[in-house]
Amino acid sequence: MFALTDAQRAARDRARDFVDAEVVPHADRFDREERIDDALLRKVAAAGYFGASLPATWGGTQADPITYGLLFEELGRACSSLRCVLTVHTMVAATIARWGRPAARERWLRRLAAGEAIAAFALTEPEVGSDAAAVTTAATPAPGGLVVRGTKRWITSAQIADVFLVIARLGDAPVALLVDRHQPGVVVRPITGLLGCRGSLVAEVALEDAHVPEDGVLARPGFGVSHVATHALDDGRYTVAWGCVGLLRACVEASTAYAGERRQFGALLREQPLVQRLLTDMLVQLKAARALCLGAGAARERRDPGALHETMIAKYFASVAAARAAADAVQIHGARGCGPDAPVQRYLRDSKIMEIIEGSTQIQQMMIAASAPRDAARCP
């Protein structure tokens, strides 16, 4: 069994206390209002969580991958919308730190670490989702840099983001660009009525000849998808996987509590064999998902070349398990679980989003299956 260090436990406990005090009491309201309070985002910044993926050199609070993952488990347990906002912010910040030019790092990283600026990842388009190489947003040379034209949709945090990591095409070459929200030609249109993660401030971003300076190009043209987007999505999958562990845990906690107080046919729900089966499966899936996330985190910490693949497996398993657990949690709660004030119905809606973002279940299956022979050979 994987044992946490004292430092990892302490960091987890701090995150748990923060989430219990500042997030849990308001999560259902964020879902109803389809917005996270600015006051909470300021508290997240004060806690150092916006800088969770950045080293102290840039004002961040970066820790080891396990500690990083445990933070997202706690966030996912309480509010998937807030977890989404932190996921895209930290993955973009880490990507700028890895691939950004010196001027871009100086311009953005300290502000991102402090929560003074918010980052968003603008990949998806109205007709382009999982096929990142097929984006139609176009960048063309202009004096002092590039201009970008195209539309990005379903962009988490776009309603409040200050900088977008945009995947576009420069001729035939995929390119990753940093687009300042406050540049002329950037138009943000909020999207409401989402199935789940309703508080994650999603919007459409129209780029109408928005200017990008030369230092806003990450890596070099041609590496926008194979290196930059892959780096960002890998970081995102890792935090989504941990967030799904938190969502699973929330389902277990809500279901066991309700089954321990609700009586039907003269017995508590937890004494009914078919309910026991649901609770058992839920708990086993939680433990398995956490073990896969811990394994992926350990691989990342030792810089194992297979870490990307381990992260993919963890995200696939945890997201599918979370969706199943959330459906079973609603089933256990019955009619109460369908009510507007029941957290489990929010868990169910949010869990479906987890099977789509940062690579859909089907994309994960294709990629995992492609490496199955190599993985089987590596098993001890």
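Helices (H or I, at least four residues) and strands (E, at least two) are DSSP runs, numbered from the N terminus. This is a predicted model, in which local features need pLDDT of at least 70, side-chain atom pairs count only at pLDDT 80 or more, and totals for chains, interfaces and linings use all residues. Residues are numbered from 1 along each chain as its sequence is written, and side-chain values use heavy atoms, with hydrogens and water left out.

**Exercise 1. Check the span of helix 1, then find its buried side.**

Step 1. Take the expected span as 1.5 Å times one less than the number of residues. Helix 1 covers residues 6-22, which is 17 residues, so it should span 24 Å. Its end C-alpha atoms are 24 Å apart, and the two values agree.

Step 2. Sort residues by relative accessible area: buried is under 20%, exposed is over 50%, and partly exposed is in between (1.4 Å probe, protein chains only). The buried residues in helix 1 are Gln 8, Ala 11, Ala 15, Phe 18 and Val 19.
They lie on the same side of helix 1, because they cover an arc of only 95° around the axis. The arc is that of the directions from the helix axis to the C-beta atoms.

Step 3. Turn to the opposite face. Exposed Asp 6 and Asp 17 sit on the face of helix 1 turned away from its buried side.

Step 4. Look for the packing partners, with contact meaning heavy atoms within 4.5 Å. The buried residues of helix 1 pack against helix 3 (38-46) and helix 4 (65-78).

**Exercise 2. Repeat the analysis for helix 3 and find what covers its buried residues.**

Step 1. Leu 40, Leu 41, Val 44 and Ala 45 are the buried residues of helix 3. Their arc around the axis is only 145°, which puts them on the same side of helix 3.

Step 2. Arg 42 and Ala 46 are exposed, on the face turned away from the buried side of helix 3.

Step 3. The cover over the buried residues includes helix 1, helix 2 (27-33), helix 5 and helix 6 (102-114).

Step 4. Go just past the end of helix 3. There Gly 48 takes a positive phi of about 85°.

**Exercise 3. Describe how helix 4 and helix 5 pack.**

Step 1. Two packed helices are described by the angle between their axes and the distance between the axes. Axes are lines fitted to C-alpha atoms, for helices over the stretch in contact, and angles run from 0 to 180 degrees between N-to-C directions.

Step 2. The axes of helix 4 and helix 5 (residues 80-99) come within 6 Å and cross at roughly 150°. The two helices are therefore roughly antiparallel to each other. The cut-offs are under 35 degrees for roughly parallel, over 145 for roughly antiparallel, 65 to 115 for roughly perpendicular, and oblique for the rest.

Step 3. List the contact residues. Helix 4 supplies Tyr 68, Phe 72, Leu 75, Gly 76 and Ala 78, while helix 5 supplies Ser 80, Leu 82, Arg 83, Leu 86, Thr 87 and Thr 90.

Step 4. Check the surroundings of helix 5. Of its 20 residues, 18 are buried, so helix 5 is largely enclosed by the rest of the structure. Helix 5 reaches 28 Å from its first C-alpha to its last, close to the 28 Å expected.
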